[in-house]
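Please read it alongside the structure shown here.

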2 protein chains.
Amino acid sequence: MVPTIEDISAAAARLAGVAVRTPLLRCDALDEAVGARVWVKAESLQRGGAFKLRGAYNAIAALAPEARARGVVAYSSGNHAIAVSIAAKLFGVGATIVMPADAPAAKRDAVRANDATVIPFDRVRERREDVAAKASGAGQALIKPFDDAMIVAGQGTIGLEIGAEIAPDIVLTPASGGGLASGLAIALPRARVIAVEPEGHDDIVRSLASGARERNAPGVRSICDGLLSESTGEFTYPIVRARLAGAVAMPDSAVKRAMAFAFRHLKLVLEPSGAIALAAALEGGLELAGACVAVIASGGNVDAAAFAAAIAG
Amino acid sequence: MVPTIEDISAAAARLAGVAVRTPLLRCDALDEAVGARVWVKAESLQRGGAFKLRGAYNAIAALAPEARARGVVAYSSGNHAIAVSIAAKLFGVGATIVMPADAPAAKRDAVRANDATVIPFDRVRERREDVAAKASGAGQALIKPFDDAMIVAGQGTIGLEIGAEIAPDIVLTPASGGGLASGLAIALPRARVIAVEPEGHDDIVRSLASGARERNAPGVRSICDGLLSESTGEFTYPIVRARLAGAVAMPDSAVKRAMAFAFRHLKLVLEPSGAIALAAALEGGLELAGACVAVIASGGNVDAAAFAAAIAG
């Protein structure tokens, strides 16, 4: 069942006092650069440094207490891992996280700091779903990163918060598995939600063109480590196809410039994946003139060396 | 006349829709590191990248329209300069800004982007007050950086916003001229407001000990470029003496570690001066255990190279 606005409102009620109601920021330099009224939803300031806590906490809160008590397992490129580790700790249950061996140290360290067990896997040679299935043999509930109604509803709370402050014509959001994009499209039905993907991992761009669920070839071709899923999910793909207004792919060079822009003008630490929607606003060639645009800055978990390299220009 | 809570409320009314109501952020890692409930008032996310817009806009708004029409002049190490340039632009009047020749490029560029005229001066050999007096010969109103009731009232609006969300036992604030510290102490009379200064520029520490208005020797001895004033002002000193609970000086090394902490855990870009109160929370040897502590993160205008060096640790 596709989540409804009511499901998203229920998620918002669960998240009250747990998730940060993140600020919607603007600055003159951004408005001038884009030629529009641009608002940045700073989910980098979310607990755990990324929006993922919303879905993960909502999904764990929805488990039956006796299932939850057995602990949870998750596979994630990093930010969902951090989110599950925080939510599990808040509920006082164990968490086992399957993470790519090449995940940023900042993300791995954050998961370990929340007492979760990290199981590394090879992003190219192993399927994380398989490793997670093995790890969850002990009956732990699998908290999927995006392909789940409770996850979509949780991420959709971002849209509710945006809608309470502004009425965006256009929403630009990082997208990979489609959980966040789906939640935003449901929460903000009057806005044109546009998915932004890394070049080389543009399955949504291709899916919207072909009408079929496209996949990305294995391999890492972008610095956007949080946006490298093979494709949208079985659950999220129909929502993405039916409700998104479009999709655009951005090169790493534009992502780095967006990180530098956010550093200089917004004073935000954004990770590459978290800056890609801002990159699309600044350099995506989209028709934004005069519009009210909401840009999702989805996360800020980036290693110091990578950040320094991006802002050095 | 020392501003009252009513004066600060009047400033808040003038600032509505102009200044950002900045978020009060917390994170588990900070609470654990300090052993207290710590809230960070992120004035780095303020328009212009620092708290200074509050006082500058309030002071310019309070000018008689015919005086304001002649334009304004200001001297500033940077953030007040940016703030005056923004406020002048909003009122559609000219601004002339006297800035140290060694001010960070990020600050100088921001002032020029707002169409203000920059007059550089030598921080060691010239008194900025004299240069500004010469520049204001044309009858432009001087907008002082701190030594003025309207400035103190404007900066005090930060305290009102904090008090609307939490009831802090202790407030740690960067301090130099004393405008922000004075405003906070008036707005939050039940809190113990503690000034944090750079080592080598610790006139408030010495003033509170001696009972006289102490001065710093000329010269630059800290990376905290926004906290290098010669002393508190004639107007602010009595407020500082009467209302502050204490003061502490922090070395640059601790400031850099605080910038790295804010990068890693809070995802905030803080300039050195903006991170010094956080440095005091983390390493200042203050008795904070179990308290509710508000930390003012006053600004985020820092050059990329300086920021990269700080977070590289």
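## Salt bridges in the model

Over all chains of this predicted model, the structure holds 28 salt bridges. One of them joins the side chains of Arg54(A) and Glu43(A), with an N to O distance of 2.6 Å. Because Arg54(A) lies in helix H3 (residues 53–61) of chain A while Glu43(A) lies in the loop between strand S2 (37–42) and H3 of chain A, this pair ties together parts that are 11 residues apart in sequence. Both partners, Arg54(A) and Glu43(A), are buried.

Arg54(A) also meets the side chain of Glu161(A) in a salt bridge, here with an N to O distance of 2.9 Å. Glu161(A) belongs to helix H8 (residues 149–165) of chain A and Arg54(A) to helix H3 of chain A, so that this pair ties together parts that are 107 residues apart in sequence. The relative accessible area of Glu161(A) is 10%, which places this residue in the buried class, and Arg54(A) is likewise buried, with a relative accessible area of 0%.

## A salt bridge between partly exposed residues

In the salt bridge that Glu230(A) forms with Arg215(A), the closest N and O atoms are 3.4 Å apart. Glu230(A) and Arg215(A) are both placed in the loop between helix H10 (203–210) and helix H11 (236–243) of chain A, and the pair therefore ties together parts that are 15 residues apart in sequence. Glu230(A) has a relative accessibility of 40% and counts as partly exposed, and Arg215(A), with a relative accessibility of 42%, also counts as partly exposed.

## Overall form of chain A

The secondary structure of chain A is made up of 14 helices and 10 strands. Its radius of gyration is 18 Å, close to the 20 Å that the globule rule gives for 313 residues, so chain A is as compact as a globular protein of that length. Along the principal axes, the C-alpha trace of chain A spans about 55 × 40 × 40 Å.

Of the 313 residues in chain A, 60% are buried. When contacts in chain A between residues at least 6 apart in sequence are considered, 71% of them join residues at least 24 apart.

## The interface of chain B and chain A

At the interface, 25 residues of chain B are in contact with 25 residues of chain A. Between them the two chains bury about 1,900 Å², with 64% of this area on carbon and sulfur atoms. The count of residue pairs in polar contact between chain B and chain A, with both residues at pLDDT 80 or more, is eight. On the side of chain B that touches chain A, the elements giving two or more residues are helix H2 (28–34), helix H12 (252–266) and helix H14 (304–311) of chain B. The largest share of that side, four residues, comes from H14(B). By class, the side of chain B that touches chain A consists of 12 nonpolar, four polar and nine charged residues.

Two salt bridges are found across the interface of chain B and chain A. Asp28(A) forms a salt bridge with Arg47(B), in which the closest N and O atoms are 3.5 Å apart. Asp28(A) and Arg47(B) are also members of a network of salt bridges that links them with Arg26(A) and Asp31(A).

His80(B) lies in helix H5 (residues 79–91) of chain B and, at 2% relative accessibility, counts as buried. Leaving aside neighbours within four places in sequence, the residues in contact with His80(B) include Lys52(B), Ala56(B), Tyr75(B), Ile143(B), Pro145(B) and Ile151(B).

Arg221(B) is found in the loop between helix H10 (203–210) and helix H11 (236–243) of chain B, where this residue is partly exposed, with a relative accessible area of 37%. Beyond the neighbours within four places in sequence, Arg221(B) is in contact with Glu199(B), Gly200(B), His201(B), Asn216(B) and Asp252(B). A polar atom of the Arg221(B) side chain lies 2.9 Å from the backbone oxygen of Gly200(B), and the backbone oxygen of Pro218(B) lies 3.2 Å from a polar atom of the side chain of Arg221(B). Between Arg221(B) and Phe307(B), which are 86 residues apart in sequence, the C-alpha to C-alpha distance is 18 Å.

How values were computed: Residues numbered from 1 in each chain as written. Chains lettered and ligands numbered in written order. Predicted model: local features only at pLDDT ≥ 70, side-chain atom pairs only at ≥ 80, totals over all residues. Heavy atoms only, no water. Contact = heavy atoms within 4.5 Å. Buried area = accessible area lost by both parts, 1.4 Å probe. Salt bridge = Lys/Arg side-chain N within 4 Å of Asp/Glu carboxyl O. Polar contact = N/O pair within 3.5 Å; in protein donor to acceptor, adjacent residues only side chain to side chain. Nonpolar A, V, L, I, M, F, W, Y, C, P; charged D, E, K, R; others polar. Buried < 20%, exposed > 50% of the residue type's maximum accessible area, 1.4 Å probe, protein only. Rg over C-alpha atoms; globule rule 2.2 N^0.38 Å.
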